[in-house]
Amino acid sequence: MAQQTQAEGDDMFIGFASRLDPANLRPGMLQASFNARLQRGVAQPRKGTKRLTETDLIGLTMVGSGLYVDGEGRDNIVMVFTDKMYLYKPAQGSEPEALSLAYDFPPGRVIEEGGICDVVTALNKIYIFRGKYDRTTFVATESNGDISAGATGTITITTTLPHGYSNGDEVTIGRTDGSDTAGQAVTGSYVITVTGANTFTFQYTNNTGVTYAARTTQAGWNTRRGLPPLIWQEGLADLIYAEQKFTVDGGTVTGITQSVPCADFGLYFQNRLILKFGDYQILVSDILSEQCDTTLNNFVINTGGNDSIVGVLPWVQDQFLVFMTNSIYIVFVETDNFDINSPPGVNSSTTVVTTEIGCLARRSIVAAGQFVFFLSANGVHMLTPQLDLKLLGNTLPLSEPIADFFETVNYNTVQESVATYYSNRFYIAMPTGSSVRNDKILVYNTLNQNWESIDYYPTGLFSDNLILSAYINQRRLMIITNFAGEGQYGGVFLSEEETQGDEFNTFNATPALPFNLFPESSQITESTLIPNTQNFVHIPASVQTREYAFGGTSEKRFSRGEFTFNNVSNDFVQIDATTYDPDATETVLEYSFSGNTDGTLRPRIAARGTSIACTVNFVVGRPALKSVAVYAIAANRPMISQE
């Protein structure tokens, strides 16, 4: 019997699994996918980003971002800088985009580059959390000269132990008893000037209406360092800070009340603010109020268990999830009445979900319907609910098929990872290699139930945040790149929008495509772009098929391939064939499509090997790959039939 030609390939693509042996992947699975989307079984390059913000903010240093819905129901992207805030309104409906004037921070209140910055919208206000209190509280005395009504004077604080404060620190000053009514008026948060190991001063404006009398030494004071949250609401020209007040129990400072306390982060859930107050402590505000009593409205979780709180996520039925570094808990907040300023009910409780896995990055925690995604030390995990809505943690990571990617992750800064759920896809941005900012995005397709792509963008376009915001008449995914002084051209970028590539500019240079195609030739020629397209950066998209072994490990002679595309005119692809045993890679076709019809390319493959894989590089345009097939003849098949 003569040798017969065999064919093997894929007629649809549903995901990629880079960790597994590519020869053992099931049909429809790729071994690599970069900047691609697998929609309805077709592989196609992602669309590029569109720059929404202009150059107005170049030179500033941006430290955080969030989303705020104004009184007109329009989405605003909150852009927080070291000493001010801007609101950017994307174009919505018939209204054009708009960038607000700067809203300045209170004097002396700043956020250092790399510092904590969490933006929360609640009670029609914007809250910017800058970090929790230091653990140490110092007993102190106070002294001052006469400060007349309406005047500003200097007050000196002397602590019993060295305080360790620095110039410009924000310190809350408070009385430890109610015996000194004049002293009670001084309580609050101040920016200090250090004058000694045990002393510091601050400026006090006397608004009591009477003279604040001179005192040489007044006991009964207490100091604690912390960064009070900043607050803004419509109608305010600038931001204010949340006044901090000590509460007293037997002469001992036990907490903060009558304000929003210092916290690492927060969220708004069931008409209450939920705040991280310590490594093991969550605070819950009164209902429909920002007031928090740290002695009553708190949950202490797994204290002393070599664990710390990482993030919080709303769940169901007055419950929220608390993610720690090594465990996960569910907290139930009983709302036994709906009176304003009412604390949580006595039946509020904390129960464990799992002690086998924890969370690495707060902003990686995302709810998608009934599922909860988050980043752990072992990769991306997914919590799944049971019939009684109790969550079950799976010890096998969702990212196990692409575990090799996590070997490239920079775990020194992975806590800055951010994720979201959009258009039936889970996106998680992470830093890789030596990058300290999120330079890669993993995409998981929940319809295909497989990982879809590793996305990367032009140098400098980092995914510091992912925000879902209204744009025109749809809800769209925005990529936020923080401005970082003159050297970083940040801004708001609309994802999945441009067909020409990623629209991105640096301050000093304009990226250009690495090539220019001539319609009369299939050759690639080095060139720069014409001026009207120079803002777009080429998207280097590619997919690599599984290994086709044709059912065995014997040597084959590969004859040709067959690749079916949907395309438009001037789309350009490059196809490489990689053979194994012997290992070799060869470009078998470079082709520019000349029409707007479907096309099937049949390149000749003259190679030997035990298996073969094909890489399709989408060089220009967005051609859609529908199917791949490779034809081969087994080289060691007997030439004479034994029958």
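Predicted model: local features only at pLDDT ≥ 70, side-chain atom pairs only at ≥ 80, totals over all residues.
Trainee: Over how many bridges do S38 and strand S39 pair?

Mentor: S38 and strand S39 (residues 440–445) pair over six bridges, in the antiparallel sense. Strands are DSSP runs of E, at least two residues long, numbered from the N terminus, and a pair needs at least two DSSP bridges. Within S39, Lys 440 is the bridge partner of Met 430.

Trainee: Which way does strand S37 run against S38?

Mentor: Antiparallel, with five bridges joining S37 (residues 418–422) to S38. Tyr 422 stands opposite Arg 425 in S38. The two strands form a hairpin with two residues between them. Ser 423, in that turn, has a positive phi of about 55 degrees.

Trainee: And why is S38 largely enclosed?

Mentor: Because six of the six residues of S38 (residues 425–430) are buried, meaning under 20% relative accessible area with a 1.4 Å probe, protein chains only. Arg 425, Tyr 427 and Ala 429 point one way, and Phe 426, Ile 428 and Met 430 point the other way. In a regular strand the side chains alternate between the two faces of the sheet.

Trainee: New topic. In what order do the strands of the open sheet from S25 to S28 come?

Mentor: The order is S25-S26-S27-S28, four strands with antiparallel pairing. S25 (266–269) and S28 (298–300) are at the edges with a single partner strand each, so one side of each has no neighbour in the sheet. From one strand to the next, the twist averages 20 degrees, taken between axes fitted to C-alpha atoms, with angles from 0 to 180 degrees between N-to-C directions.

Trainee: What about S26 and S27?

Mentor: S26 (residues 272–276) and S27 (residues 281–284) pair over three bridges. Ile 274 stands opposite Val 284 in S27.

Trainee: Last one: is Thr 579 buried or exposed?

Mentor: Thr 579 is buried, at a relative accessible area of 5%. Thr 579 lies in strand S50 (residues 572–580).

Trainee: What does Thr 579 touch?

Mentor: Leaving out residues up to four places away in sequence, Thr 579 touches Phe 558, Ala 584, Ala 607, Arg 608, Ser 611 and Ile 612, where contact means heavy atoms within 4.5 Å.

Methods: Residues numbered from 1 in each chain as written. Heavy atoms only, no water. Buried < 20%, exposed > 50% of the residue type's maximum accessible area, 1.4 Å probe, protein only.
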